[in-house]
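Visitor: I'd like to learn how to read a structure like this one, feature by feature. Can you walk me through it?

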Amino acid sequence: MLTIVLFASWQIRGRMLDARLLRAAPDSILSDPGLTRHAVSIAKPAFAKDCAACHGKDMKGSHAKGAPDLTDAVWLYDSGEVTEIERTVLFGIRSPNRKARNVTDMPGLGRSGQITAGDTRDVMAYLDKLQGKAPPADAAALERGFKIWNDKGSCYDCHSEDGKGVSAYGAPDLTDKEWIYGGDRKAIFDSIVHGRHGVCPAFIDKLRPAVIRALAVYIKAASLQAAAPSGAKS
Ligand code: HEC
Ligand code: HEC
């Protein structure tokens with residue numbers, strides 16, 4: 001009998017905390033330690049069940065699946081506020097939900113014939129420069145690559161002139177060291193030639209609103225921890 005009473009009161013407490021989670025301004029939750037603890041306690045099992053298959057148990061993503069690291073402070077969409085992360089989890093990215101984030105994708109520029117394989121190698125020389133690598137022996141390739149970036153390849157149009165990306169389109173920053181699909185030559189070549197079309201499912205019909213809010217808080221907390229100077233980021 002006592003066990004049943006304890007279980008019932010534990011459940012009621014959980015539901016009350018869920019309600020508080022939903023009433024709170026999303027971006028203020030992390031300044032409330034009690035509410036944050038509750039969010040993490042319900043987010044962890046949900047993440048393991050519904051997200052880890054793509055984003056990894058450690059939330060660090062998978063190049064093979066094109067699922068980004070959620071613990072870094074690099075955001076594909078918007079600037080990583082809890083409200084913005086919550087929106088991604090609710091509606092997804094390029095999911096069938098009509099509110100999904102879906103402005104553009106990475107066109108298969110080689111496949112469509114917009115640029116040649118040679119152009120791709122040239123523009124990769126320019127990407128190396130954006131990555132801060134030493135100038136290539138073939139300076140002419142770099143120059144051609146710069147032209148392709150700004151003209152024939154229309155890279156600037158989505159990734160911006162300086163290569164830092166446009167988060168409203170989900171076009172990643174190509175100057176940092178964080179890659180969705182991997183930063184080795186083959187992965188980059190494939191991204192440019194064949195295009196990319198990353199899909200994150202919508203969870204609005206699959207998870208309770210409190211769990212979705214909790215996941216957004218949990219992800220934000222992980223990214224703040226990684227960004228902190230004492231963070232154990234490898
Ligand atoms: C089927 C694989 C898959 C599953 C399952 C999945 N995701 Fe994703 N998720 C992706 C992919 C792929 C992207 C990147 C889409 C793109 O390239 O634009 C992504 C992107 C995201 C982003 C955007 C990150 C940013 O930098 O802006 C968030 C947040 C996210 N997922 C959270 C979740 C959460 C939370 C769950 C579980 C409830 C989840 N995802 C489940 C594949 C998945
Ligand atoms: C129409 C918009 C658009 C154009 C034009 C475009 N990109 Fe992209 N690019 C994107 C988007 C959006 C993504 C992310 C795709 C995803 O998440 O699935 C992306 C992804 C990439 C990636 C993969 C990055 C990673 O983190 O793994 C590379 C590399 C890339 N683009 C290079 C280029 C180059 C070089 C050009 C020009 C030759 C170019 N892009 C032109 C929109 C564009």
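Guide: Start with what "near" is taken to be: a residue is near a molecule if one of its heavy atoms lies within 4 Å of it. Before we use that, keep in mind that this is a predicted model, where local features need pLDDT of at least 70, side-chain atom pairs count only at pLDDT 80 or more, and totals for chains, interfaces and linings use all residues. Residues are numbered from 1 along each chain as its sequence is written, chains are lettered from A and ligands numbered from 1 in the order in which they are written, and side-chain values use heavy atoms, with hydrogens and water left out.

Visitor: Okay, which residues come nearest to ligand 2?

Guide: Met106, Cys155, Cys158, His159 and Tyr181 do, out of 25 residues around ligand 2.

Visitor: And how does that shell divide by class?

Guide: The classes go like this: Ala, Val, Leu, Ile, Met, Phe, Trp, Tyr, Cys and Pro count as nonpolar, Asp, Glu, Lys and Arg as charged, and the others, Gly among them, as polar. For ligand 2 you get 14 nonpolar, 8 polar and 3 charged residues.

Visitor: Which protein atoms hold the iron atom of ligand 2 as donors?

Guide: Donors are N, O and S atoms within 2.8 Å of the metal (3.2 Å for Na, K and Ca); water is not among the atoms, so sites may look incomplete. Here the protein donors are Met106 (SD) and His159 (NE2), lying 2.0 to 2.1 Å from the iron.

Visitor: What geometry does that site have?

Guide: The rule first: four donors count as tetrahedral if all angles lie between 85 and 135 degrees; four count as square planar and six as octahedral if opposite donors are over 155 degrees apart and all others between 65 and 115; anything else is irregular. With 6 donor atoms and angles of 88 to 179° among them, the site in ligand 2 is octahedral.

Visitor: Now ligand 1: which residues are closest?

Guide: Cys51, Cys54, His55, Leu76 and Cys200 are the closest of the 26 residues that surround ligand 1. This shell has 19 nonpolar, 4 polar and 3 charged residues, and its largest share, 3 residues, comes from H4. Among the polar contacts, a polar side-chain atom of Arg94 lies 3.2 Å from an oxygen atom of ligand 1, and a backbone N or O atom of Tyr77 lies 3.1 Å from one.

Visitor: What are the protein donors of the iron atom of ligand 1?

Guide: His55 (NE2) and Cys200 (SG), lying 2.0 to 2.3 Å from it. His55 is in helix H3 (residues 52-55) and Cys200 in the loop between H8 and helix H9 (209-227), 145 residues apart. Both are buried, and this site is octahedral, with angles of 88 to 178° among its 6 donor atoms.

Visitor: Which residues have the most contacts inside the largest nonpolar core?

Guide: In soluble globular proteins, nonpolar side chains tend to be buried together. A nonpolar core is a set of buried Ala, Val, Leu, Ile, Met, Phe, Trp, Tyr and Cys residues joined through side-chain atoms within 4.5 Å. The largest one has 28 residues, and Leu21, Phe47, Met59 and Leu215 have the most contacts inside it. H9 gives the largest share, 9 residues.

Visitor: How many helices and strands are there overall?

Guide: The protein has 9 helices and 0 strands, and 42% of its 234 residues count as buried.

Definitions and conventions
Helix = DSSP H or I, 4+ residues; strand = E, 2+ residues; numbered from the N terminus. Buried < 20%, exposed > 50% of the residue type's maximum accessible area, 1.4 Å probe, protein only. Polar contact = N/O pair within 3.5 Å; in protein donor to acceptor, adjacent residues only side chain to side chain.
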